[in-house]
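Here are a few quick notes to read with the model open beside you. Take the points in order and find each item on screen as you go.

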Amino acid sequence: MSSLVDRVAARRSWSKVTGDAPDHAELARLVAAAGRVADHSGLEPWRLIELRGAARERLGAALAEAAEHEKPSSKPLRAPLLIAIVACRRESHKVPDWEQDAVTAGVAHMLSLLLADAGWGVMWRTGSLVRAEPVRRMHELADNEELLGWLYVGGIPENTKDKPGHDRSIDPERFLTVVDR
Ligand SMILES: Cc1cc2nc3c(=O)[nH]c(=O)nc-3n(C[C@H](O)[C@H](O)[C@H](O)COP(=O)(O)O)c2cc1C
């Protein structure tokens, strides 16, 4: 078994996935772990919505309404499971919205890593209509809530399993500045 560092470094997104998906119980276990990210004042300013089956078609209809297209968008049908990432901004004098959104994004990244580690194909997607009113309505968002996109989740196609995809290795020296005096 490779180390956690190696497995995180090897993570990649999968734009094409099969119709297999983690069930609710498997997902719930991973969400329990992902939700342990640092959270200033413990505001828990996030929630997730599991969209499966016909819910994806309703999202396609909402995207079409937002784009003023007649035909429903088939984009949400690209994966069997879409996990909507919802930022829930809490009233706080101490913790501004950006800090709360950092928690939500942290949960989403952590969840995508855990799903990848469990062998699932994942891709975080947004698109220009992510904040459109019909899309908000379809997710039944409250006034203090904002959609940060969806994790598209499915099985990794057999014939691509061993392919690394693209090379996006990180040179740490480009990103890490040392200050010691
Ligand atoms: C908040 C967020 C939104 C994204 N939205 C899209 C999107 O709408 N379409 C897309 O092709 N990639 C989107 N991406 C990028 C992909 O998830 C992915 O990271 C990218 O294709 C690079 O692949 P890699 O993760 O394997 O390096 C988004 C990433 C983030 C963090």
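1. Start with the helix pair α2 and α4, whose crossing is right-handed. Keep in mind as you look that this is a predicted model.

2. Now for how that pair is arranged. Two packed helices are described by the angle between their axes and the distance between the axes. Here, α2 covers residues 24–34 and α4 covers residues 97–117; their axes come within 9 Å and cross at roughly 135 degrees. Angles over 145 degrees would count as roughly antiparallel and 65 to 115 as roughly perpendicular, so α2 and α4 are oblique to each other.

3. Which residues of α2 and α4 make the contact? On the α2 side, look for L27, L30, V31, A33 and A34. On the α4 side, they are V107, M110, L111, L114 and L115. Sort the residues of this contact by type and you get ten nonpolar, no polar and no charged.

4. Zoom out for a moment. The chain has six helices and four strands, and from the N terminus on they run α-α-β-α-β-α-β-α-β-α. Along its principal axes, the C-alpha trace spans about 60 × 50 × 30 Å.

5. Next, the ligand. Ten residues surround it, and the closest are R11, S13, W124, T126 and R168.

6. Which part of W124 lies 2.7 Å from an oxygen atom of the ligand, backbone or side chain? For W124 it's a backbone N or O atom. With R11, a polar side-chain atom lies 2.7 Å from a ligand oxygen. S13 also uses its side chain: an N or O atom there is 2.6 Å from an oxygen atom of the ligand.

Notes. Residues numbered from 1 in each chain as written. Predicted model: local features only at pLDDT ≥ 70, side-chain atom pairs only at ≥ 80, totals over all residues. Heavy atoms only, no water. Axes fitted to C-alpha atoms, helices over the stretch in contact; angles between N-to-C directions. Helix = DSSP H or I, 4+ residues; strand = E, 2+ residues; numbered from the N terminus. Parallel < 35°, antiparallel > 145°, perpendicular 65-115°, else oblique. Left-handed = near helix turned anticlockwise from the far one by under 90°. Contact = heavy atoms within 4.5 Å. Nonpolar A, V, L, I, M, F, W, Y, C, P; charged D, E, K, R; others polar. Near = heavy atom within 4 Å. Polar contact = N/O pair within 3.5 Å; in protein donor to acceptor, adjacent residues only side chain to side chain.
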